[in-house]
Amino acid sequence: MKPLIVANWKMNPQSLAEAKRLFNSVKNGLKNIKNTEVVICPPFVYLPVLKIESKSPSFTISFGGQSCFWEEKGAFTGEVSPTMLKDLGCDYVILGHSERRKYLKETDEMINKKIKAVLSLGLKPILCIANLTKLKKSLRGIKDKVIIAYEPVFAIGTGKPCTIEKAKKMRNLIKCPVVLYGGSVNSQNAADYIKMAGFQGLLVGGASLDSEEFIKLAKNVAHI
Ligand code: PGA
C-alpha cells in the first residue's frame, strides 16, 4: 500500500481564510507527488469549503473528521455524526485521540461504539492508542479492519518524538496491518518511521500546520 499521511489540524487555524490558504498551498505543493495518500482532518466547520477547494486533476487529497458521535442523528447537542461526515465527502475519521480522552473524558467504551458506527457506514476509522491495553479495549468485538495510530503521549506536541527503536518494538506488537506513528513527526524523522520502524504511515499534528514543512515531509515519504 501507499504510505498514508494524515494531517490532524486539531483546533487550527483560527479563520476560514487561513484554512483555505493552508489547504491550497499544501495542495499546490503536493501536485506532482506520487505513491502517497494524504488525508487532511480539519475542524468540522472548514470541511465543506475545503472539499470544494480540493478539486484538482493531478493530486487527490482525502478528508477526515477529527472525531464523531456514535449515533446517526438526534438529540446530542454539539455532536457531529458519521453520516454527516460521509455526506461532506470524508473517507476517514480519527477516533480516540489522547486529547479527547484527556479533556473530554472519552473512554475506551465510547470509542468502541464510535468505531462500530464509523465502520457501519463504510468510513475508515483511525484509532489512536498509546498502549496495547487501550487497543484491546477499544477494539472489543470488532472484526473489521481498523487503521491504528500509535501515539505515545509523551511525544504528542512536545518536540520529543519516540525513538525509532521503541516505535519499532510497538509496531511489532500491534498485530494490525495498517499502523501509523504519531507524535512530533517532522520532515526530518518522517521517513524513518516508515522505512526503519515498519509503520504504514504517519499522523501529523504540529508539522501539518506549516505548509512548507508538511510538503517537505510528504515528499520525503514519497521518495522512500
Ligand atoms: P504532533 O501531534 O505531531 O503535534 O505531536 C500528533 C497528534 O496529536 O496526532
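The entries below take the aromatic rings and then the pockets.

Entry 1, ground rules. I am working from a predicted model, where local features need pLDDT of at least 70, side-chain atom pairs count only at pLDDT 80 or more, and totals for chains, interfaces and linings use all residues. Residues are numbered from 1 along each chain as its sequence is written, and side-chain values use heavy atoms, with hydrogens and water left out.

I paired rings of Phe, Tyr and Trp (its six-membered ring) if their centres lie within 6.5 Å, calling planes under 30 degrees apart stacked, over 60 edge-to-face and the rest tilted. I got six aromatic pairs by this rule. I looked up Tyr181 and Phe199: the ring centres are 5.9 Å apart and the planes stand at 65 degrees, so I logged the pair as edge-to-face. I found both residues, Tyr181 and Phe199, buried (under 20% relative accessible area, 1.4 Å probe, protein chains only). Tyr181 and Phe199 also belong to one aromatic cluster with Tyr150 and Tyr193.

I took a pocket as an open set of points on a 1 Å grid over the protein atoms alone, where a 1.4 Å probe fits, with protein on both sides within 12 Å along at least five of seven lines; lining residues have an atom within 4 Å of a point. The largest pocket holds about 420 Å³. I noted 14 lining residues, with Lys10, Met11, Gln66, Arg100 and Leu104 closest to the centre. For the second largest pocket I have about 190 Å³ and 16 lining residues, of which Lys10, Gly157, Ser184, Gly205 and Gly206 lie nearest its centre.

Conventions. Buried means under 20% relative accessible area, exposed over 50%, partly exposed in between (1.4 Å probe, protein chains only). Grid points are joined across faces, edges and corners, and a volume is the space filled by probe spheres set on the points.
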